[in-house]
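Visitor: Hi, I'm new to this one. Could you walk me through it?
Guide: Happy to, let's have a look together.

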Amino acid sequence: MIVCHCRAVNRRQIEAAALCGAATVRDIVGACGAGGVCGGCRPVIEEILDETPAALPLRRAVAVA
Ligand code: FES
């Protein structure tokens, strides 16, 4: 399923970026471009990051810092 229509990025690509260490929407923008144009997909990217177990420790670390 396409999540970011501006960059044609699907959910699996975002999950893969999270598994490689992307913990924030900004990280996802840097990794695959999703979220970097209109921003309309950013809430969905946040949800995916919250649902990706590998990203959770990194997200907690970012929240504390
Ligand atoms: S839909 Fe993702 S930046 Fe526009």
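Guide: Let's start with α2, whose buried residues are Val25, Asp27, Ile28 and Val29. A residue is buried if 20 or more other C-beta atoms, placed from the backbone, lie within 10 Å of its own, exposed if 12 or fewer, and partly exposed in between. Helices (H or I, at least four residues) and strands (E, at least two) are DSSP runs, numbered from the N terminus. This is a predicted model, where local features need pLDDT of at least 70, side-chain atom pairs count only at pLDDT 80 or more, and totals for chains, interfaces and linings use all residues. Residues are numbered from 1 along each chain as its sequence is written.

Visitor: What do the buried residues of α2 pack against?
Guide: They pack against α1 and α3. Being in contact here puts the C-beta atoms of two residues, placed from the backbone, within 7 Å.

Visitor: Which residues of α1 and α2 meet?
Guide: Gln13, Ile14 and Ala17 in α1 meet Ile28, Ala31 and Cys32 in α2. The residues of this contact are five nonpolar, one polar and no charged. Ala, Val, Leu, Ile, Met, Phe, Trp, Tyr, Cys and Pro count as nonpolar, Asp, Glu, Lys and Arg as charged, and the others, Gly among them, as polar.

Visitor: And at what angle do the axes of α1 and α2 cross?
Guide: Roughly 110°, and the axes of α1 (residues 11–19) and α2 (residues 25–32) come within 10 Å. Axes are lines fitted to C-alpha atoms, for helices over the stretch in contact, with angles from 0 to 180 degrees between N-to-C directions. The two helices are therefore roughly perpendicular to each other; that label covers 65 to 115 degrees, while under 35 is roughly parallel, over 145 roughly antiparallel and the rest oblique.

Visitor: Switching topic, where is Thr24?
Guide: Thr24 sits in the loop between α1 and α2. Its C-alpha is 7.4 Å from that of Leu49, though the two are 25 residues apart in sequence.

Visitor: Why does Thr24 count as partly exposed?
Guide: Because Thr24 has 18 C-beta neighbours inside 10 Å.

Visitor: What about Ala8, is it buried or exposed?
Guide: Ala8 counts as exposed, because it has 12 C-beta neighbours inside 10 Å. Ala8 lies in the loop between β1 and β2 (9–10), and has a positive phi of about 55° although it is not a glycine.
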